[in-house]
Amino acid sequence: MAAQGENLRIDGDRLWDSLMEMARIGPGVAGGNNRQTLTDADAEGRALFQGWCEAAGCTMGLDTMGNMFATRPGTDPEAHPVYVGSHLDTQPTGGKYDGVLGVLGGLEIIRTLNDLGIETKHPIVVTNWTNEEGTRFAPAMLSSGVFAGVHQQDWAEDRTDAKGLRFGDELDRIGWRGEEPVGARKMHAFFELHIEQGPILEAEGKQIGVVTHGQGLSWTQVTIIGKDSHTGSTPMPMRRNAGLGMARVLEKVDEIAWSHKPHAVGAAGHIDVYPNSRNVIPGKVVFTVDFRSPDLSVIQDMEARLRSDGQKIADDMGLEIAFEKVGGFDPVAFDEGCVAAVRAAAERLGYSHMDIISGAGHDACWINQVAPTAMVMCPCVDGLSHNEAEEISREWATAGADVLLHAVVETAEIAS
């Protein structure tokens with residue numbers, strides 16, 4: 001790797017300018033972005049990305065799920081490409097960096113190699129995965145999941161949004177469905193740069209997170225049924241308060257997650273209360289418990305304890321309770337060789353770094369099933385993400401892209 005010394009670095013100003021230009025497409029109401037998947041804004045962002053890639057000498061491939069693949073050729077026509085990328089779609093109230101940094105960081109690798117006249121043995125492909133966020137069409141990481149064989153394409157195309165619009169129809173409408181079969185491509189490796197979406201790197205004063213694992217996830221929808229009745233005239237001993245039952249179950253969820261510290265987490269984000277009236281004791285509640293851990297046995301323990309402890313709470317209170325697992329995926333251990341390449345790059349460049357576990361799901365978690373994969377993370381201010389106030393520094397973005405550059409080029413091999 002002598003040819004790839006510490007002086008090999010990306011143009012941080014150019015990367016930042018690209019991030020800011022992409023952020024003009026699909027602006028949010030509070031400084032961030034609303035560029036949800038398969039909207040007109042998504043189509044506009046895709047077109048800008050394609051134009052940049054073609055200007056950098058890449059050819060653009062497009063599969064039948066709308067995944068974009070910008071290829072810089074290698075010197076060995078038989079060598080499988082090294083892939084790098086993330087996603088351009090955002091949350092309805094998303095930030096300017098979540099996903100976008102990984103796509104445009106990949107583009108910056110191509111631009112840097114062009115500037116320096118460096119050729120690689122393996123081709124390098126910059127990827128934009130469709131519908132990573134899953135906010136409009138559930139679940140998240142939908143198209144990378146189809147690519148990896150986790151989801152069937154027909155099922156994915158039948159996903160509908162809140163207005164009843166089909167994924168497949170909207171992909172056709174915005175004009176970004178290709179003809180290439182999904183999953184036909186062979187990968188030598190895949191790397192994804194992403195903001196941490198958590199507070200650990202900033203709190204520890206580290207510039208780079210070397211992602212060794214991705215947390216597994218379990219979603220269990222819980223329904224508790226009691227009896228709705230008047231809040232003022234129903235005596236306390238005669239109440240069957242589903243809302244109180246939920247409160248006690250959620251207290252137990254917190255206790256269960258704490259029992260597996262430091263890496264396990266648990267909470268309920270989605271909660272519906274019926275009839276949701278000020279003077280009516282709730283007769284029914286529906287909520288989804290989100291448990292996560294990098295250890296599958298821990299997830300299984302948390303699921304089992306939720307069911308047993310929740311049932312006891314309901315029985316003691318004279319309530320009915322039902323559990324339904326509505327989503328999840330197993331923990332991910334990223335490829336040791338790719339992880340080592342990321343760690344070595346951070347050390348070679350003199351960036352402070354630490355091993356980290358991704359608390360969020362990413363396209364890399366699915367691609368890891370079909371190719372050697374690793375992730376690079378940079379800090380974000382206060383760990384805030386999925387929020388228009390999401391922020392990173394130019395220096396953090398540059399450091400992350402520098403490490404990405406070195407890991408990708410090492411894996412793609414500089415041509416002799």
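At what angle do helix 1 and helix 2 pack, and how far apart are their axes?

## Packing of helices 1 and 2

In this predicted model, helix 1 covers residues 12–23 and helix 2 covers residues 40–55; the two pack at an angle of about 150 degrees, and their axes are 10 Å apart. Helix 1 is therefore roughly antiparallel to helix 2, since an angle over 145 degrees counts as such.

On the side of helix 1, the contact is made by S18, E21 and M22, which meet G45, L48, F49 and W52 of helix 2. Sorted by class, this contact comprises four nonpolar, two polar and one charged residues.

Just after helix 2, G57 adopts a positive phi of about 90 degrees.

The buried residues of helix 2 are A41, D42, A43, G45, R46, L48, F49, W52 and C53. Their packing partners include helix 1 as well as three further elements of the helical kind, namely helix 3 (100–116) and helix 6 (167–174) among them, together with strand 1 (59–62), strand 2 and strand 4 (124–128).

Which cysteine sulfur is closest to that of C53? It belongs to C58 and lies 5.5 Å away, too far for a bond, because a disulfide requires sulfur atoms within 2.5 Å. C53 is also buried, at 1% relative accessibility.

The structure as a whole holds zero disulfides.

## The loop residue P81

Where does P81 lie? P81 is found in the loop that runs between strand 2 (68–72) and strand 3 (82–86). Although placed in a loop, P81 counts as buried, with 14% relative accessibility, because the limit for a buried residue is under 20%.

Apart from neighbours within four places in sequence, P81 is in contact with P123, V125, K186, M187, H188 and A189. P81 and E303, by contrast, are 222 residues apart in sequence and 40 Å apart in space, from C-alpha to C-alpha.

Definitions and conventions
Residues numbered from 1 in each chain as written. Predicted model: local features only at pLDDT ≥ 70, side-chain atom pairs only at ≥ 80, totals over all residues. Heavy atoms only, no water. Buried < 20%, exposed > 50% of the residue type's maximum accessible area, 1.4 Å probe, protein only. Axes fitted to C-alpha atoms, helices over the stretch in contact; angles between N-to-C directions. Helix = DSSP H or I, 4+ residues; strand = E, 2+ residues; numbered from the N terminus. Parallel < 35°, antiparallel > 145°, perpendicular 65-115°, else oblique. Contact = heavy atoms within 4.5 Å. Nonpolar A, V, L, I, M, F, W, Y, C, P; charged D, E, K, R; others polar.
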